[in-house]
Amino acid sequence: MANTWWELKILCEPDLEDSIFWRLETFGCRGTASESKGNSSLIKGYLPSFQAQLLDLGALSLWLRQDALCVGLSAPILHWQLIDEEDWASSWKQYWQPQEIGDRFLINPAWLPFPASTERLVIRLDPGVAFGTGNHATTQLCLESLEMRLSDLPKSFIGSDEQNEPQIIADIGCGSGILSIGALLLGAKKVYAVDNDPLAVQSTISNRALNDITSDRLIALQGSVEAVQAQIDAPVNGVVCNILADVIIELLPEISSITASSSWGIFSGILLEQSKAIADALEQNGWIVATLWKRKEWCCFNARRI
Ligand SMILES: C[S@@+](CC[C@H](N)C(=O)[O-])C[C@H]1O[C@@H](n2cnc3c(N)ncnc32)[C@H](O)[C@@H]1O
């Protein structure tokens, strides 16, 4: 059973796509894709078989039905089957294509050749079972925020110029390592990448190698903020954290303790209706909000420590 996956196929009205993706992600799916089927959309989601029993899938089917009926759309049709690891990898990989994000990045699946000519910073990725392909709005908002935080600095400020402060960053909930790698390509000096899921840490480590990044620049650790705290002897310059709102609120006091006045923070994974709670929590923990960016039903806070 360890190497089998649930393949979920959901046929739905296209307007339901966003809410279904959201349900699948909160349900624990490790890879999602969609294609159009005439006037409908076919969404596929994959999750390790040990993570869900048949009863859980039944509950998911009910939630999807309720979500659709609440907005006056017809209920989606959900089918599921068990597939083995090899079939999962090949089914999912065919949907994942190179993708430009923001002004600077190109995400390139590891099994495709390196793009022949591009001015973009290429992040090579094989996320395996970890979250972070760049397809999700919350990841995109973080990469674009990193561009803003790191690209706008004068060249001498980033990288190795000793007169200026090199950027040392914590990536909390690193998943595939996509944000850590992006930050390093933009010129950050060092990133501490942590995730409480050991599979995500493995994925970050293999993506670090794929992008020829050394282990002293991208330090990948299992755990959360406390794992960064244990490694650093001075506050970090910036934090990027793409986890769900409730977790961010819980982690904020600890995150604040690894930062100092003028450190920056990028907080994503937040649904629009949760933005007030996050803004309040940031304020209570000594942060001021600089910008709030929105994409689909998600938003991302750029903040600075007072
Ligand atoms: C939405 S994914 C983000 C992955 C990647 N950073 C990105 O932006 O695409 C959130 C990640 O946070 C991890 N996570 C959840 N709660 C956490 C916690 N309290 N501390 C550390 N990592 C956590 C999950 O295992 C998951 O890999």
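Some ground rules come first. Numbering starts from 1 along each chain, following the sequence as written. Since the model is predicted, local features are reported at a pLDDT of at least 70 and side-chain atom pairs count only at pLDDT 80 or more, while totals for chains, interfaces and linings use all residues.

How confident is the predictor on average? The pLDDT (the predictor's confidence in each residue, from 0 to 100) averages 90 over the protein, and 93% of the residues score at least 70. Residues 155-163 fall below 50, and this stretch has twelve contacts in the model beyond near neighbours in sequence; a contact here means two C-beta atoms, placed from the backbone, within 7 Å. The model's ipTM is 0.99 and its pTM is 0.80.

On the whole, the protein is built from nine helices and 14 strands, taken as DSSP runs numbered from the N terminus (helices are H or I, at least four residues; strands are E, at least two). The C-alpha trace spans about 60 × 45 × 35 Å along its principal axes. Among contacts with a separation of 6 or more, 66% link residues 24 or more positions apart.

Now for the sheet. Four strands form an open, antiparallel sheet in the order β2-β3-β1-β4, with pairing meaning at least two DSSP bridges between two strands. β2 (31-37) and β4 (77-84) sit at the edges with a single partner strand each, so one side of each has no neighbour in the sheet. Neighbouring strands are turned by 20° against each other on average, direction ignored. Helix α1 (residues 17-27) packs on this sheet, touching β1 (4-12), β2 and β3, and its direction makes about 5° with that of β3. Axes are lines fitted to C-alpha atoms, for helices over the stretch in contact, and angles run from 0 to 180 degrees between N-to-C directions. Seven bridges join β2 to β3 (residues 40-48), and K37 has S40 in β3 as its bridge partner.

Finally, is helix α5 (residues 178-185) mostly covered or uncovered? Mostly covered: seven of its eight residues are buried, including I178, L179 and G182. Buried means 20 or more other C-beta atoms within 10 Å of a residue's own, exposed means 12 or fewer, and partly exposed lies in between, with C-beta atoms placed from the backbone. Just after α5, G187 takes a positive phi of about 120°.
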